[in-house]
Amino acid sequence: GRRGVGGGMRPRGRRALGPTPAIDHYRVEAPGLLTVGSGAVLWDIRDFAAAGGWQLPVYNGGWAGPSLGGFVSAGGLGLRVPAHARGQDAPPGDVAAAATLSPVSLSERHGGLWAQVARLTVIDGLGKVHGIPAGDPDFPWMFASMGQFGLILEATLRLLPLPGATDGLPAGSTGRVPASNPDHPGETDLPAPAHGIDWVYWFTALAPLAEEVAAWKVIGDWSAAHRRALHPTGGWAGPLQDGEPIGFRYVVRRKAPTPPLLYPRDKDFVAVGVMAVCHGIGTDQAEVALTEAEQDFVSRIVGGGWALYCQAENLTRSLDFRSYLGSDRWAKFRALKTRFDPDERVNAGEVLPDSRGAPMRASRARKLAAAIRRSLGLPLPTAAPPSSDP
């Protein structure tokens, strides 16, 4: 959400941690080098930089929801290039042509967010502050870590000059990033009414470029199998369903070492998937259908040897991360977790679910999000229609 900063701490025993206020400061380190607090919304950073004559190379699509810290913790893939700035689209449903003709993404041009960050500042589960520069062996592991190693306090971003613009961000200047974009849509925070509510979900596979057609075949079969529960919307790539492309597509070029928790190979890859509406969230029937669809998606994609965008494809907290990551990545993850958060206080339950707790349901996640907003003194936003571009 707007105030999310990439990881939360859960009190244990007598230790208490109060709510974290917005961390939306900025500090200009040098021309094109901007340090920003992790609570600043990515779109606000983008617009602030542009007003000063600079371009934030990679940011999300959809809506102004992710904070900088949240985007780091999720992984950080850039949206597709707007229509006026891209080339020819592939014919609808032509998966093979999509590999060469579909719209490029910001990450196809610039790589992931991790390639735009010069330094992260993190406070770990013991309260110790770490400055982690790009090039540090721990640096790529902070991306797609889902806040498991600590609270991201700030990130130093590498910006690109806008052609013909005058530098309006003089070195040494400081302040707060102006909030210039509407808050994210309320369907992600409002508790569902008794009859349920429509909610949008993303299902994403990360695969080698050479295996894109095979991945689309699996995703197409999955979408058809769950068409009564999930209705694709806003797609521009992949197989057709009801005469429309079911999915989205982002190519991610290797511009810096790939975060191992996001993708296991240090190479280019493609993110392909489906944005779909699920009707009746909050009702038992819809919750069961969504859980079955999610778990089936995970089974098919992992079974195909591909990766997941885990911040989205783990709603029910049922993914077995030990098996999913494999022995080497799991061992490294556990070593970092032990070093940064030995008491398991940071974002507890995200990777190692509490077996004593009730299974996560979509309606429970919604109520939890709403409770967090209230605890921070933030209003519950009114619902807004979903974007057509995830």
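Which residue stands opposite Pro245 in β12? The structure is a predicted model, in which local features need pLDDT of at least 70, side-chain atom pairs count only at pLDDT 80 or more, and totals for chains, interfaces and linings use all residues. Residues are numbered from 1 along each chain as its sequence is written, and side-chain values use heavy atoms, with hydrogens and water left out.

Leu240 is the residue that stands opposite Pro245. Helices (H or I, at least four residues) and strands (E, at least two) are DSSP runs, numbered from the N terminus; two strands pair if DSSP finds at least two bridges between them. Strand β11 (residues 237-241) runs antiparallel to β12, and three bridges join them. The hairpin of β11 and β12 has two residues between the strands, and Asp242 there takes a positive phi near 55°.

Strand β12 also runs antiparallel to strand β13 (residues 269-281), to which six bridges join it. In this pairing Gly247 stands opposite Val274 of β13. Of the nine residues of β12 (residues 244-252), eight are buried, where buried means under 20% relative accessible area, exposed over 50%, and partly exposed in between (1.4 Å probe, protein chains only).

Helix α1 (residues 42-51) is largely enclosed by the rest of the structure, because seven of its ten residues are buried. These are Leu42, Trp43, Asp44, Ile45, Arg46, Phe48 and Ala49. The elements that cover the buried residues of α1 include β1 (25-30), β2 (33-37), β3 (54-55), α2 (68-74) and β6 (151-158), contact meaning heavy atoms within 4.5 Å. Gly53, which follows α1, has a positive phi near 90°.
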